[in-house]
Amino acid sequence: MSSIKDFTLACPVPISDYPTVTLAHGGGGKLMHQLIERMILPAFQSPLLEARHDGAVFDLGGARLAFTTDSYVVNPLFFPGGDIGSLAINGTVNDLSMCGAKPMYLSCGLILEEGLPMETLWAVVQSLKQAAEAAGVQLVTGDTKVVDRGKGDEVFINTAGVGLIEHGLTIAPSSVKPGDVVLVSGDVGRHGIAIMATRQGLEFESKIESDCAPLNHAVQALLAAKLDVHCLRDLTRGGLGTTLIEIAEATNQQILIEETKIPVRDDVSGACEVLGFDPLYLANEGRMIIFVPEAEAGKTLEVLQHSPYTEGAAVIGRVTGDKGGVVKMKSRIGTTRIIDMLSGEQLPRIC
Amino acid sequence: MKFATEYRDEHAAQTYAREIRRITRHPWTLMEICGGQTHAIVKFGIDELLPKEIELVHGPGCPVCVTPLELIDKAVTIAGRKDVIFCSFGDMLRVPGSEVDLFGIKARGGDVRILYTPLDALKIAKENSTKEVVFFAVGFETTAPAHAMAVYQAKQQGIKNFSVLVSHVLVPPAMEAILGSETNRVQGFLAAGHVCAIMGYDEYLPIAEKYKVPIVVTGFEPLDILQGIAMCVAQLEDGRHEVENQYTRAVTEAGNRPAQHYIQEVFQVVNRKWRGIGEIASSGLGLRPEFAEFDAEKRFDVAGYTAEESPLCISGLIMQGLKKPHECSAFGKQCTPEKPLGAPMVSNEGACAAYYRYRRAELAEAGKV
């Protein structure tokens, strides 16, 4: 018989695999998903949260709104093609856009490390301003905190945002249908390589610039063209592969993509070969995937190719109609394999 | 991407596959030595293109996988010291030690850094004179020249706060250990192209002769591997056992002489324990006595460590080609890339990780896991 000692009043910590948080828990891979599934979702039990969309979508005072937040902890602060300021604006703008919302107002929390040069802070603030202007959003509330030297990494930023939904579509994984075509809005992997190259002091023949960009203009153009957009998802840390798997798992559908159709710039694939990375899992900050009915694929591609920051869009695959929540890829040599989610960050290989 | 996509051409791959099917008349078991080749085979689905008579078994050529458990424990101990900056290639960080991996040490506040070359560790040592900088020098003949160069330069420049934790292994003794085993099934080898780029391939001639086994020096792209298989099968069907070079664009018989010179200058051949396989005589490299001052095992007094492997892990059998990853009872259950029991589930080049990443769903569909 069990004794009273077998019962505890406090809930046990629901994650037992690691006693402490490791970097892999933030890497956008399996460990992060486990953390969300086992610790965060059960703790808050909200249907809006469980939708696991890029933002929450709800009705308020007669308007349909999207609401989202994200934190930015990038090192280095400045990199080719962007900086922590433009990331913080575009990240939140893009999360709102993926809900099909028109981003309107953003908040900005700055966590500064004691000793940060004012010049650096000014450059970040200028970048926040310029990115907000480029995206057409207003930064309307904020907060500033300073932590002891050594307790932060120069600047951390949190932004949150609200956007207005002005259409009747349900843009979510639940709308993905068998036969849907999958498009990607441009070449993948550049942000990951730009950061890596700056961090490691690697030099390539030409500078690889981050793809950091706002996607709201392209999304608004798709909606204005009355396209039947089924699902949008921006590609962030886990890259194209992880994002596709998230959608496949959420819908229990099978997605088939073709390796030769995925746009990857030559310099990015070259860097991947040298470093032992797979472009499928490299971070992006200005790319999204779009699910539309097959009949609208051509028109969707045309709209994207004429919108800012999505000129390099391409059709990469389709939803096959098979069940199972997996992503398969037809390889360059004509064989087919499963795309799996990485555990954590990609690790550079030995040789 | 020039010089890579050409070697991933679908039409050429199918042509090689047809040629292999055409010449194959008997069942053959081939081993690709290198984990990089294993990953390319599984990633591109090369084995799907082969006739059922050809079985590929995956060799011990993953430096992460064969690094013994006690060496990981030594690395973890050293990396946990407050006075140490511990530098390593990326994929060593998630290899499980007896209790914790290097990522875990980093999470606890250890200064663990991922580098691409040991020469960067020398630079870090110069910039941090109050710290001890240690580089985790693992790998086959491929990484040995860079490690040798780092140690050589440290001595030349009198850098006292630099040392290396060495676990270098050599390919030919491992091949001999596999061929000499009573349970050996391997009838032909695809030798690791990049190892041969450094060492050349004349050291394989006596092995091919002694064990009557064809050895084809092979590259890493799908067409390289298919051509290597075709050359190996052609030899087997003809009853030949020669050393041939498929990877002529990178490998010469003599190899890279300056690189070999620095390896010999700094390292000597020693007995080495291989994770999952055990000790193999004269199968590794250790620092020569003249460079003993750069030996991290001595500097941090960790030489006497021993460790026990998980009884569930059959990585030794897998690396000798006697079992496939999914034939392990722990595969995908107690052992996953998130919680690996053995190193082959961790590394990019590990056979278990390759099967887990690319084959798990198919194996599950077929009821094999």
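**Entry 1: conventions.** I count two residues as in contact if their C-beta atoms, placed from the backbone, lie within 7 Å. I take helices (H or I, at least four residues) and strands (E, at least two) as DSSP runs, numbered from the N terminus. The model is predicted, and in it local features need pLDDT of at least 70, side-chain atom pairs count only at pLDDT 80 or more, and totals for chains, interfaces and linings use all residues. Residues are numbered from 1 along each chain as its sequence is written, while chains are lettered from A and ligands numbered from 1 in the order in which they are written.

**Entry 2: chain A as a whole.** I looked up the secondary structure of chain A and found 9 helices and 14 strands. The chain is divided into domain 1 (17-45), domain 2 (55-165) and domain 3 (173-339), with bounds that come from an automatic or database domain assignment. The C-alpha centres of domain 1 and domain 3 of chain A lie 25 Å apart. I noted that the C-alpha trace of chain A spans about 70 × 60 × 55 Å along its principal axes.

**Entry 3: the H3-H4 pair.** I looked at helix H3 (residues 84-98) and helix H4 (residues 118-135) of chain A, which pack at an angle of about 35° with their axes 7 Å apart; axes are lines fitted to C-alpha atoms, for helices over the stretch in contact, and angles run from 0 to 180 degrees between N-to-C directions. On the H3(A) side I listed residues including Ile84(A), Ile89(A) and Val93(A), and on the H4(A) side residues including Val124(A), Leu128(A) and Ala135(A). By class, this contact of H3(A) with H4(A) has 9 nonpolar, 4 polar and no charged residues, where Ala, Val, Leu, Ile, Met, Phe, Trp, Tyr, Cys and Pro count as nonpolar, Asp, Glu, Lys and Arg as charged, and the others, Gly among them, as polar.

**Entry 4: the sheet of 5 strands.** I traced an open sheet of chain A with mixed pairing and the order E1-E2-E7-E5-E6, taking two strands as paired if DSSP finds at least two bridges between them. Strand E1 (56-60) and strand E6 (138-147) of chain A stand at the edges with a single partner strand each, so one side of each is left without a neighbour in the sheet. Neighbouring strands of this sheet are turned by 20° against each other on average, direction ignored. Strand E5 (residues 102-113) and strand E7 (residues 155-165) of chain A pair in the antiparallel sense over 10 bridges, and Cys108(A) has Thr159(A) in E7(A) as its bridge partner. H4(A) lies across E5, E6 and E7 of chain A and runs at about 170° to E5(A).

**Entry 5: the sheet of 7 strands.** I then followed an open sheet with mixed pairing in the order E9-E11-E8-E12-E10-E13-E14 of chain A. Its neighbouring strands are turned by 25° against each other on average, direction ignored. E9(A) and strand E11 (residues 287-292) of chain A run antiparallel and are joined by 5 bridges, and the bridge partner of Cys231(A) in E11(A) is Phe291(A). I found H3(A) lying across E9 and E11 of chain A, at about 160° to E9(A).

**Entry 6: chain B against chain A.** I recorded 40 residues of chain B in contact with 30 residues of chain A. The largest share of the chain B side that touches chain A, 5 residues, comes from H15(B). The residues of that side divide into 18 nonpolar, 9 polar and 13 charged.
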